[in-house]
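Reader: I would like to learn how to read the features of a protein model, one after another. Could you take me through them slowly?

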Amino acid sequence: IDVRFKTIWAMCKLPGPWRIPLVGLGIFIATIKDEEIIDQIKIFCKKYPRILAAYVMGVPMVVLQQPEDIEVLLGSINYIKKGYEYYPILPWLREGLLVSSGDKWHQRRKLLTPAFHFRILEDNMQSLNKHARQLIKNMLKQEGKAFVADQLVTLCTLDVICETAMGFSLNTQDNQGNYYVKTVKKISTIVVTRLRTFWLRRDWVFGITRDGKQFKEGLSLLHNFTEKIIKERKASYKLEDNKDEQTEDLELTSKKRKAFLDSLLELDKKYPNLFTDLDIREEVDTFMFEGHDTTSAAIVFALFLLANHPDVQEKAYQEQFSIFGISDRAATRNDLQEMHYLEMVIKETLRLYPSVPYISRTLTQDMKLSNNMVIPEGINTIIIPFMLHRNPTNFPDPEKFDPERFTQEECRNRHPYAYIPFSAGPRNCIGQKFAMMELKVVLSTVIRFLKIEPVTRDGEFKTFPFLIIRTDPPIKIKTTPRIEHIKSSVIL
Ligand code: HEM
């Protein structure tokens, strides 16, 4: 809560809906129905197209909507402190990379960039292909009937992140995987409810509510799940370490693929005071969550859009056909470079449905915008990619799904901060390249082997900003095999 005169005075001068001082939009936000959140955000953002300032129960909030202003915020190393909205996820992700600030964030980002970003891009095609194929096998089992896309896709992306980053093979049929996925969804919903409801800010009040109790139970499940992964990897890592010491074959040892978690275990050995067991867990929790839920949402929305736009689907299929013909071979990294149209489809999907719909920072110093307006230190500054990507100046006819917006020429003519599904600047998404690789492998596999048909149509669902973008009702699609003989080879 910021009740300093300086802040209140500055907030008064900024454009925004004027309600009760300090309380601001607090009561309105706490009482609005979930399904109305996005519509209300749209109304406010349209009314205040550059800057929207409002108090929410003592917290001063400013929404930036112009790419030039967003560049000032995200492009600078001076504004990396995460916003107030992240406090309810602290008990879950603690100060993992997503939430940490200051020196801790700088140090972690420096250590984790080689450990995650470079390592994960090395040699994961085999694993990505394997899980993409498992996904289409599971889709084929639905035998042309409608199914909830998210249920199958999320297990696939969870398998991918577990195997590629954690070196842990999770069985998709395993109930634990299912449980983890359901609990993550429940916890994200509770986090947003808590954020909107000011009387739940105090831990003790939240703790005695039904949501608070469910949050605590869910948290212990999620932590047990990640602790199990760490324990198992630690054990197998020790075994492999011993084997390496005994083997003379150095070439073989250097070729062994190391998972991101192995690098964390190494950091633990190298800097025992910097990287304790809890530090490892907070990063595993962070990467597990960010690494599966974001990609799953993107794949589900892409499937929905492809199903509802058969012309785009056909064009994407023709591109795959030109790369693979009727061969059922696995995709290689070189193949991915050829998938220009699929990349445009993915980008357009993330424009309309950015997996992370909301980004925020607390200013630790005054910030001068491109028009010389000053946003003072202490203010919670927000970017809503879901709205930014619907700005008709940068994206004419913004509700229309049109991958052609992402030809090289169109992109060149747009402000670089007009489209930021992975955020931008020094605190951008560390998993961006890996995510694009995963989305391409999974979608290319589905498009090559299956025809996606619509069940849920445009306008038949509401979107919710629950940490990750979600829909109600969940999106359903149908799939049928494209070529009979490919169907049998995939099943084998
Ligand atoms: C379609 C997929 C993805 C999207 C759209 C996405 C988007 C984002 C965005 C917008 C942020 C900035 C959040 C903020 O400032 O509050 C972010 C940060 C982050 N993402 Fe992703 N992400 C995706 C996939 C992944 C994957 C696959 C991983 C890793 C396994 C990952 C790990 C992270 C981490 C650790 C951060 C925090 C980085 C930092 O603060 O230094 N993301 N992501």
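Author: Let us begin with the aromatic rings, where the structure holds 17 aromatic pairs; rings of Phe, Tyr and Trp (its six-membered ring) pair if their centres lie within 6.5 Å, and planes under 30 degrees apart count as stacked, over 60 as edge-to-face and the rest as tilted. This is a predicted model, in which local features need pLDDT of at least 70 and side-chain atom pairs count only at pLDDT 80 or more, while totals for chains, interfaces and linings use all residues. Residues are numbered from 1 along each chain as its sequence is written, and side-chain values use heavy atoms, with hydrogens and water left out.

Reader: Why is the pair of Phe-116 and Phe-287 called tilted?

Author: A pair of aromatic rings is described by the distance of the centres and the angle of the planes. The planes of Phe-116 and Phe-287 stand at 50 degrees, with the ring centres 4.8 Å apart, so this pair is tilted. Phe-116 belongs to helix H6 (residues 102-122) and Phe-287 to helix H14 (residues 277-308), so that the pair links distant parts of the chain, 171 residues apart; helices (H or I, at least four residues) and strands (E, at least two) are DSSP runs, numbered from the N terminus.

Reader: Are Phe-116 and Phe-287 buried or exposed?

Author: Buried means under 20% relative accessible area, exposed over 50%, and partly exposed in between (1.4 Å probe, protein chains only). Phe-116 is buried at 3%, and Phe-287 is buried at 6%. Phe-116 and Phe-287 also form one aromatic cluster with Phe-260 and Phe-434.

Reader: Which charged end sits over the ring of Phe-406?

Author: A charge sits over a ring if NZ of Lys or CZ of Arg is within 6 Å of the ring centre and within 35 degrees of the ring normal. Over Phe-406 sits the charged end of Arg-414, 4.9 Å from the ring centre, and Arg-390 lies over the face of Tyr-353, at 5.9 Å from the centre of that ring. Phe-406 is itself buried, with 6% relative accessibility.

Reader: Which protein atom is the donor to the iron atom of the ligand?

Author: Donors are N, O and S atoms within 2.8 Å of the metal (3.2 Å for Na, K and Ca), and water is not among the atoms, so sites may look incomplete. For the iron atom, the single donor from the protein is SG of Cys-429, 2.3 Å away.
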